[in-house]
Structure formats: C-alpha cells, structure tokens
Amino acid sequence: MANKDKSAASFSLKSIQASHLTVLLITLLALCLRMTAIFPIGYYHPDEIFQYLEQAHRLAFGYSVIPWEYRYGMRGGLVPVLLAAAMKMGDIMNTQSFLYWVLPHAITALLSLGVIWSAYKLGRLHSFFTGCLAMFVAATWYEIVLFAAHPLSESLSFAAFMPAAYYLIAEEKKKSSLILSGFLMGLSALLRFQYIPSILFITLFTLRINVKQWGYFILGGLGAIFISSLSDIFIGEYPLLWLFKNIQQNLIFHRAEDYGTAPIYSYFFDIWTNWKWLSLILPIPILVAAYRYPALFGTALVNLIFHMLVSHKEYRFIFLSSGIFIILAAIGSALLIEKATVNFTPLHKKLAQIAAFTTWGACSFLCSTGNISHWYQYRGVLQAEMKARSLSNLCGLTLYQIDYWESGGYSLLHRPIPIYSLLPSNMYSTRYPDPIALSPSLFSASNAIISASSSGKNLPKEYRQVSCYPQKNGEKTEDICLFFRPSSCFKKETADNFEINKVLKNIDQ
C-alpha cells in the first residue's frame, strides 16, 4: 500500500513538471517568434512611426516630425511615454547602437505575452490540452505574432484586454482580480477608445448588476485613468482632453474619411485575405467555443459590427475581433478533438493532439504566405534612411518625390539635422510650394537625397548614388536609392518651405 502511494505521488510530481515544461516551452517559442519579428525593418502602417515612435523620440531626444493629430491635441500620452522610456533606456545602454529603436518594439512584443497567458488560462478552464492548444495558437498565429512586434495602439490594447477578459470570465472573481481587470480594461480603452463598446459588453455580460464587483472593477479603471492623465500632462496636454478632440475631428468633421472609405462588408474580404481558405472552416470551431465562452464571442462580434458601421476601415481596427476569433477557434478545435477521441486509447489520443498542434502551425505558415509583407512595408525608403544616418558628414536630408509617410522620420534617422520633403507634384494641390522654382535652393540646403532610382536623373550632377534598395509598391517593385554629395549644406530661406514639419503644417497633415 505504501509503495502504491509513493508511486502515485511520484507520478503526480512528474505530471506537474511535464505540464510546467510544456507551458514554458510554448512561452519561449512565443518570445522567440516575437523577438525575431521585430528585426526586419518596415512598418504595418505609418501611424506606427508618426503617431507613436516619432512622438516618443521627441519626448526622449527633443525633436521629431509632428503630424496633425498632435498639433490638434487629439492623441493621448500613454503610448509615446511608454515608448520614450524604452528609447531613452536603449540610448543610455549604448548611444551609438540601434538599441533605442529596438527596445520600444521589444517592449511591445513582451507585453503581448499577456495574450499567450490569457489564452492558456481561458482554455485551461476546460482542460490542460485545450489550454495548451489555445496558448500555442496565440503564440504562433502569424497575425498575433506580427502585430505584437509593431508598436500600434491596437496591439497594445489587445495585450491589455485579453488578461482582463480572463479575469472577468473566470468563475471565481476575487477582489484583487476584479481591480486588476478594471485597470487592464481601462488601459485597453484608453489605448484604443473605439474598443469601449466591446469592453462595456463583456463587463456587463460578466458582472451583470453585482454592485460590489462593479465597485472593485471601477476602482481599477480609475487607476488606469490616473496613469493616463499623468502621461497626458507629461506631453503637455490636459488630461483626457484628447479623447473629446478626437471624437470632434472624426465624428463631426469626418477627418478619418479623408484617408479613404470602404463598404460595410469590406472586413470580410480582409479576413479572407489573411485567413484564406481557413475563413470557411474556422467558423465551426469558433461557434463550438462560443457556446462555452459567449462573453468573449459576443465581444468580438460587437467590435466587428461597430467597425463595420464606421466609414473609414483598416484591418488593424478589428484586430481585437480577429485575435479573439483565432483563440476561440483553437479552443473550439480542442473541444472537438476531445469529443471525437473520447473512446481512443491514450496513445491514439496523444497522436490526435500532436496532429492538432501540427495542423495549426502549418495553417499559420500557409496563411502567412504572401501576407507577411503587409507588416513590413516601404522597406526601401527605410533602409536608405538607415544608410543615410551612418554618413558622418550628413547635414541635411531630402525626401525627393517620395511621400513623407513612407519614411522613418527622425525616429529612424536619429540625427538633429533638417529633413526636407519634396512630395510628388500631383499631391495636395496649391497648399504645397512650387517644387520646380525652389528645388535648386533645396538641393544646396541638404547633401543627401532619398528618391526612386528613376528620379535620379533629375538631381544635380554633384550627387552620386550611394546604394539602392528594392521596394514593392503595389504590383510593381522599384529601387529606392540614396544619393549623396560630400560638400557642406548651405541653408537658404526658401528651402525652409520644404522643411518637413512646415510642409505637414501647410498641407494640414
């Protein structure tokens, strides 16, 4: 009898160690994938640079490109302050390195591990296998990995939302977990206020009319508001005033619509593009999981429907929905496998589970084919700018016939020199100065130019081509080149009309 008890204890210990090892290995896999994803130069959307990294650079080093959203005071300070701290830390660790750029991306990637943890905990509510499969999919699904590597409000908000959602869905709602959930949900809402309808839905669904639980939840939310208010003050704005200005600009003046509109059904085409043929299969396991996790499923639907009703559409806006759907699909597939293998031998059950992990990994790889480039756009311009920053006698940089938002701004150049912007001539009408009349003074005010190779023939003869980098623009690929002249810069007053911040102010961008 004693030997039997000893054997049982030994087996239990081994099982615990194996489970911990499995979770640890998946976490390490998630971390490796995310750290790998931050290194290719490129961005998913210009907001990544100009709304967040540029403003962080201004806070950390005193200079940046300032877009219209910050001139109008319609952006909060949470993301810039977080990234600025990481930038400054990287610069302190090694002033001459690229670490100041890497650390903000690494912080975003590390914070996304909360999504991995919450996926495991949500699946673990049913079984260990379900938890591990949900965790594995959250760790390896290419969209979740790639968004995690880019400092966008959507990815940061999702990273705060998922752990908070788990605490709300968990059957045992402790005081501490409710306060933490409120804090994280508050951060999620402040990072991406368009998620507020979804946040209200899941909170109402789970807390219902429990006044005591609401009190703890709101207390945590007030903590998030306090931190956000401090960050707003730090960037020189009144606390939360940006929220009302943002609503004013987009709801009343429809500024977002200037950047394009799309029909109500367009998100379904985006999902088809990113999920491919899986978009026909995944609704089945999603609906299976929805039966057990109705709050989470409803949250994803509310967010999707809300953004379908908004005229200006971008796929990143529904990342909360697509991320939740993928995690629910993983949970649903695990539930289906457990039901189908209930009468299998232990060996056959294990083989079926291994097949599930393998299939999800393969699906992520296949769906990523042809789509990964969406997260690394305008690499040619960014690589040319990185080359320019390495020139020791660089005194001025001109973006010639290139849209300003294709560049990395000062956050990538990291040199306190003038950046001049000569936009394509067919843009912004009369709000932009005449490039033909002023280009000679502009060329003497800078000694480095980034432009398409086809535009090189229009440059003064003293400029020599340094290097070129391929860049895909739509269906075609063109070379983006860096041109340089070794002589000094002679600043002229007329060239100031092309200074990038003056250009953006003149064209109200």
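To begin with, does arginine 255 count as buried or exposed, and why?

A: Arginine 255 counts as buried, because its relative accessibility is 9%. Buried here means under 20% relative accessible area, exposed means over 50%, and anything in between is partly exposed, using a 1.4 Å probe and protein chains only.

Before going further, a word on what you're looking at. This is a predicted model, so local features need a pLDDT of at least 70 and side-chain atom pairs count only at pLDDT 80 or more, while totals for chains, interfaces and linings use all residues. Residues are numbered from 1 along each chain as its sequence is written, and side-chain values use heavy atoms, with hydrogens and water left out.

Now, the partner. Arginine 255 makes a salt bridge with aspartate 258, and their closest N and O atoms are 3.4 Å apart. To count as a salt bridge, a side-chain nitrogen of Lys or Arg has to sit within 4 Å of a carboxyl oxygen of Asp or Glu. Aspartate 258 counts as exposed, because its relative accessibility is 56%. So this pair has a buried arginine 255 and an exposed aspartate 258.

Searching the whole structure turns up seven salt bridges. Another one to find on screen is arginine 316 with glutamate 154, where the closest N and O atoms are 3.2 Å apart. This pair ties together distant parts of the chain, as the two residues are 162 residues apart. Glutamate 154 belongs to helix H9 (residues 153-169), while arginine 316 lies in the loop between helix H17 (294-308) and helix H18 (319-340). Helices here are DSSP runs of H or I with at least four residues, numbered from the N terminus. Both glutamate 154 and arginine 316 are buried.

Stay with arginine 316 for a moment, as there's another bridge to see. Its side chain also meets that of glutamate 314 in a salt bridge, at 2.6 Å from N to O. Arginine 316 is buried because its relative accessible area is 3%, and glutamate 314 is buried too, because its value is 15%. Shared partners then join up the salt bridges: Asp47, Glu154, Arg192, Glu314 and Arg316 all belong to one network.
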